[in-house]
Amino acid sequence: MHSLLSLARMLLLVLLVLPGLARASVTAGTIKGTTVDEGGLPVPGVLVTIKSDNMMGAKQADTDMEGRFNFPELPPGIYELTAEKAGFAKVVRPGLQVNIGRNTILTVEMPLQEAGEEIVIEESRPVIDTESAQRGSVLTKEFLERIPAGRSYQSAVQLAAGTTGGSNANIGGAAYNENTYLLDGVNITDPVTGTFSLNFNFDAIEQVEILTNAFDPEYGYNLGGAINVVTETGGNVLEFVVNAYYTNGNWAPKLDARYAADGTQLAPTDFDSRFELFQAGVKIAGPIVRDRAWFIATYQHDRSLIANVGIDLPRDYDGHYVFGKITFQPTAAHRFTLLAQADPTTISNTDQSDRFVYPEAQGQQTQGGVVASARWDWFISPEIFAETIATVQKSYLENAQVPCTHDENLGYNPCEPTEYEYSVDYTTPGRFGSNNAFDSGNYPFFDFDDRWRYSLGTKFSMLQLSLLGTHDLKVGLSGDVTRWRRTFGYTGDVYYVDLNELSYNPDTLQNYYWVEITGPISFLARAENIGAFVQDVYKPIDNLTFRFGTRYDRNIVRNDVGEPIINVGLWGPRFSVIWDPWGNNKTKFVGSVGRFNDGGRLAVPYYLSQSGFGSKLFLGEYFRRSVSAHSNGLDNSYSYAPNENLNTVLDGTIAPHSDEFSVGAEREIIRDLAANVYFTGKYTRNLYAFDETNLVWDEDGYNVLGTSDGTADVLQRMRTPSIARRDYFRTDVGVQKVWSDRWQVQGTYSYTISRGTMQTSPSGFLSVPQQVEYYVNGLLFTDVRHDVSAGFAWDLPNDPWTTQLGALIFFESGNPVSRYYANGAEIGFGSILRQTVGTYAREEPYFEARIKVEQEVPVRKGKLSAVAELSNLINARQGDGAYVASDNRWIISGRQDPLELTLGGRYEF
Amino acid sequence: MSSELLPRAALACVLASAALSVGCKYDENLPNADLKGTVRIPKELAAVALSDLEGNQWTIEDDARAIGPVYIGVYAGIDDTLYSYPHPEWGPVLDEEQGGDAYPWGGTSAGRFAWGCYEATVCKTLTGRYDSYQSVLDFFRDQVRSPITDDLGNEITSAEEYQERCFMIEDVTSDDELDLVGPLDFTDGGDYFEAEVEILHSQFTPGVSVWGFADMPSAAFGFSTCDVEGGGYHYYNSEDYYKGTNYRDVLNFPGKYITAGDLVSFDPIVVDDPEQEFVLELGYKYED
């Protein structure tokens, strides 16, 4: 225990010794508890020892005068606890699950027995963390391996209550681009889009933590949730795994379909929605020096051929994921970790928006990135420790069309006889066609996109401080610098003609048009973040916990000339109270409030940079027929977008923020299984929105009657209006059982009401245009939905021929699809939309069921496993809203997810 | 410490919740206002004289369906010297043929061109003028004396057919979405046709002027503010036409579009208080 003076000294130490900036990381859990005698009285002086295959060496501590012990900062995994004291029997508690950011709280009863007698207790594993109010789930490696998640942690993320959607999930009523993604505590969220930026090696994952609501300040400031992936570290035993899986979705009928304007399902299409996936991986992990240095290295290859609905050509995805980590602990006080992950990927035929993809339009996209981090954990004492992490991340996206060739030996993309080969010039601003036009030579589009993140920081923890109770205090400082360079354009001097008017004549300009890029073709945006947090876990009495704290972030997002577009200070206070009324760790009541913020992303200055790309459209005679406005009358140019970007940001914009409250209760109703009920409300306000500033509209915001500045340009402006908002209310009822007796389950039913004027926080331009705000005067959508998610794993008791069964069920009652129409005035950057009366239709309910069987076969050295997994058992239609450009409106689109069969095998020793 | 602390903790929780939920009011300080008012058109001026190729002449009287789109703008000031009627002040004159730009600060309309369900109705039908499809058919047959026809020249006589055609052309499933028929803009105010209007989100400083005009139909029931080669494009089998829409600079260069028979507000409205409702009377009929 430490006094307030100790606290002050430690704070001073932080300031003097650790001046660096750091992002807080949460990669560990805690085992804590009390030793009591058979009468329930605390037993001091008990030697408590914990050990795990995931931890270097063992840890020991004597219980204090209150019989309490505390082991913080434990790598997640399975632990065994031993309690010993003369006069008492030696008690062993194996199989204790330690999860990321969670407390495993025990009451260890010490029977009076003859010394030397050992009692092994395998009953009643802690299932409720009675010191935390955080909402979400932790998916352990053991559970992820057993459930049919397709070897993708993202498929299992929906098991957390309040999580819907796909690989970029919507969490807690927020948009898909409002989450934080962490890898071993390192923020790897895409700095541009706010989505996940790296593919992980499934075999390297130790645990995945999904935080949906009420999370502590150290997790960050985002409006949505946090997905925290923690990887394995290796161990004292050499481990080798090799595996291969093949998934085929073509062997059962596919019923892809599109839907008419009134929601009527049209006849199933005859498109070949091909679905094939091959995965292979290898993992090797083990000791470099026993209990001193461990390593893990994994490689995973993903190759898929998947065609979107209505698209003839499959998307050829070829990914290589490489992961490596070395953990070095020279002394008990210091641990160093080096981590690197890379995911170079090649995707062929990237343009799947149009099924009529011409061979000459085929292209190849390379994407991926690398993240590398160095971490230092300093265990100053059992109750005082610090961590420092430095991270560099680079991701890239290169998209270039493949020029045609007359070289028949190459075997791809042959030029038509009248076409000429083209050498792509990525430096000269080029010309491009539009609408149904295509070039008479080839289609030399390119897009190079590079993103960087540099992070540095530290966190300092002091536990068991005494001041009117006990305090676990954490403080942290963090700093991020992100950059985004994008270069794109169309190269060359290429002529374009309308497909419907093939009699073009470049000499006379008959039926001929082109667009020239007139501005720079490269763009650089950057952002800086400095953040700090302080949080305390205060226990005035044993069965009552207050978690409170705040974080402050200063975010500056700059445009291409370095001007701050977003410059906001974000305060994020959080407060929770957790009450265990009977003090036995089997019940808790929770209440929490907090503020969460959005600091912006680099996609925003893309539209607010001083320099625009600029373009000039030239028309031949045929096209000039329709010229009615904006022709300059001087030559055949039709419209001109200047190099200077005229978009602005309103002075005094503030940061989007959510004020959230949550109340709930959890109770262990049978051994190792707890039921929970929660109610969460979230008020999100002042989201980023764009409107136009110079257009004068007619009575219902459909047509433009004039412009206040007399120009034909549309002057867009970013704002954070109060009307850009979302309200979100969710009630959860669920159960959760930890792994014991060879099975585990978790499931939740959620009833959600959400409404607002924003569906997503814009990574693009379209959000709440002025006429939606002032002409529709209504909420963009009101969503009342029911969601069920459940995961189940069971090992059949037929050792040594262990058979593992797993199942996943997801049900979503579907989203409403409001009817939007492009405005009559087409003003570029995607037409501004207006909403008409009411809700158009709902997506059909979505139901997905998966099962998995894995049979282990012991072999002479190690074990062999055969895996069979069936996905989309009921072949449910996956509804989706889709914008149909030809009809200028949103409709319901959808497809039947094909019945997929996965067969695989794994060998490990 | 004991469990008696619990009520205090609960109170603290409630207070913290209240403090967070109240938050801080955020004012963007936009120099904008919503202006409300009424547009009045004297019935005697709303009479429309039409003629056909055979030289027949007739007049539509006391029928608000004949009123063209009414354009209302918010301007810095009104100048009586530019035309024979008050006109918004010009900016610098760069093109002598069309005068200077009036730079509207805001505006709205009463009625807009919609929908070109048939090519014959392009730039001839407006929102807020008809309460039923039958009313549209009747008006063009009986008053305009130019029945609505399909692309083969066959007269459309069925309101249901008209509706279905519009739904098909516009991909809509309800009249509310189509917005061709429904609530009427103008009501009968005795000697006037009156329409309530709201100028939303206009730039505003005290002393701005509200000014407007009605684009009344020509003798052939055409409208000078409508661009027959603008708006959405319809291409289906043998049909190939634009659906028509207003020119996008109607409020920038209103003088360019005001033609004989159009009604202009003669007495400009000066608005000092955005809460003050205006009454804009289009009491001047422009004649060449």
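Two strands count as paired if DSSP finds at least two bridges between them. I keep that cut-off in mind for the entries below, and I note that the model is a predicted one.

**Entry: strand β20 of chain A**

I began with the residue that stands opposite A:T331, and found A:H334 in β21(A). The two strands, β20(A) and β21 (residues 334–342), pair in the antiparallel sense, with eight bridges between them.

Next I looked up the pairing of β20(A) with β19(A). β19 covers residues 293–306 of chain A and β20 covers residues 315–331, and the pair is antiparallel over 14 bridges. For a reference position here I took A:F295, whose bridge partner in β20(A) is A:I326.

β20(A) also pairs with β22 (residues 345–348) of chain A, again through an antiparallel arrangement, by four bridges. In this pair A:G319 has A:T345 of β22(A) opposite.

As background, I wrote down that strands of a sheet pair through backbone hydrogen bonds, either parallel or antiparallel.

**Entry: a five-strand sheet in chain A**

Which strand order does the open sheet of five strands in chain A have? I read it as β9-β14-β15-β12-β13, and the pairing is mixed. The edges are β9 (135–140) and β13 (186–187); each has a single partner strand, so one side of each is left without a neighbour in the sheet.

β9(A) is joined to β14 (residues 205–213) of chain A by six bridges, and the two run antiparallel. Within this pair I located A:T140, which stands opposite A:Q207 in β14(A).

**Entry: chain A as a whole**

I checked the totals for the chain. Chain A has 909 residues, and 49% of them are buried. I counted its secondary structure as six helices and 55 strands. For contacts in chain A with a separation of 6 or more, I noted that 71% come from residues 24 or more positions apart.

**Entry: a hairpin in chain B**

How many residues lie between β2(B) and β3(B) in their hairpin? I found five, and B:G55 in the turn has a positive phi of about 90 degrees. β2 (residues 48–51) and β3 (residues 57–60) of chain B run antiparallel and are joined by four bridges. The position I recorded for this pair is B:S51, with B:Q57 of β3(B) opposite.

Definitions and conventions: Residues are numbered from 1 along each chain as its sequence is written. Chains are lettered from A and ligands numbered from 1 in the order in which they are written. This is a predicted model: local features need pLDDT of at least 70, side-chain atom pairs count only at pLDDT 80 or more; totals for chains, interfaces and linings use all residues. A residue is buried if 20 or more other C-beta atoms lie within 10 Å of its own, exposed if 12 or fewer, and partly exposed in between; C-beta atoms are placed from the backbone. Two residues are in contact if their C-beta atoms, placed from the backbone, lie within 7 Å.
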